[in-house]
Amino acid sequence: MADVFDFAGTGKLTGVNNTWELLAWGEDTCGEGYMVIYETAVAASGSPAGLDIESRVEGGPSAETLKAILSAVRRLGGGELRGLAGEVKKVPENGARRGQLPVVCDEGCREN
């Protein structure tokens, strides 16, 4: 089952709000973790809706898993999701985190 999170900005971000929906998460065919996130558009900033496929490894989830993810998103229905699935592209990586452990949310992060 998907999880839904609502963001409502404070301070300088007052009036900025959108919804993030965690559509799927798991391990790809190589055993590496991934998650699929849908974000609604942000009217205050003009940011469009988005579909993110995030992975714990450089290069993203395996090609087989990526194909299955995009196919499943298209089957969810709704023109917006189908359209976003058709626009997914690989984001350039700079290798800055190569060899580092996953980021852990510490006390400062949790209070932010």
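**Figure 1. Pairing of W25 with M35 in the predicted model.** W25 has M35 of β3 as its bridge partner. The model is predicted. A second bridge to β3 links W20 with E39. Strands β2 and β3 run antiparallel and are joined by seven bridges. Five residues lie between the two strands of this hairpin, and G31 has a positive phi near 85° there.

**Figure 2. Strand β3 and its pairing with β4.** Six bridges connect β3 and β4 in an antiparallel arrangement. I37 stands opposite D52 of β4. Of the seven residues of β3, five are buried, so the strand is largely enclosed by the rest of the structure.

Figure 3. Y38 belongs to strand β3. Is Y38 buried or exposed? Its relative accessible area is 12%, and the limit for a buried residue is under 20%, so Y38 counts as buried. Leaving aside residues up to four places away in sequence, Y38 touches T19, W20, E21, L23, A49, G50, E80, L81 and L84. With E80, the Y38 side chain also makes a side-chain polar contact of 2.5 Å. L84 is 46 residues away from Y38 in sequence, and the C-alpha atoms of Y38 and L84 are 9.2 Å apart in space.

**Figure 4. The two sides of helix α2.** Helix α2 covers residues 79–87, and its buried residues are L81, L84 and A85. Viewed down the helix axis, these buried residues fall within an arc of 105°, so they line one face of α2. An α-helix has 3.6 residues a turn, so residues three or four places apart point the same way. G79, G86 and E87 are exposed on the other side of α2. The cover over the buried residues of α2 includes strands β2 (17–27), β3 (33–39) and β4 (50–55), together with helix α1 (63–75).

**Figure 5. The largest nonpolar core.** Which residues form the largest nonpolar core? This core has 11 residues: Y34, V36, Y38, A49, L51, I69, L70, V73, L81, L84 and A85. Elements giving two or more residues to the core are β3, α1 and α2. One of the core residues is I69; apart from residues up to four places away in sequence, I69 touches Y34, V36 and I53.

**Figure 6. The whole chain and its confidence.** The chain has three helices and four strands, which follow the pattern β-β-β-β-α-α-α along the sequence. Of the 112 residues in the chain, 21% are buried. Among contacts with a separation of 6 or more, 32% are between residues 24 or more positions apart. The mean pLDDT of the chain is 83, and 85% of the residues reach 70 or more. Which element has the lowest mean pLDDT, and which the highest? Helix α3, residues 107–111, has the lowest mean pLDDT of the elements, at 65, and α1 has the highest, at 95.

Notes
Residues numbered from 1 in each chain as written. Predicted model: local features only at pLDDT ≥ 70, side-chain atom pairs only at ≥ 80, totals over all residues. Heavy atoms only, no water. Buried < 20%, exposed > 50% of the residue type's maximum accessible area, 1.4 Å probe, protein only. Arc of directions from axis to C-beta. Contact = heavy atoms within 4.5 Å. Pairing = 2+ DSSP bridges. pLDDT = per-residue confidence, 0-100. Core = buried A, V, L, I, M, F, W, Y, C linked by side-chain atoms within 4.5 Å. Polar contact = N/O pair within 3.5 Å; in protein donor to acceptor, adjacent residues only side chain to side chain.
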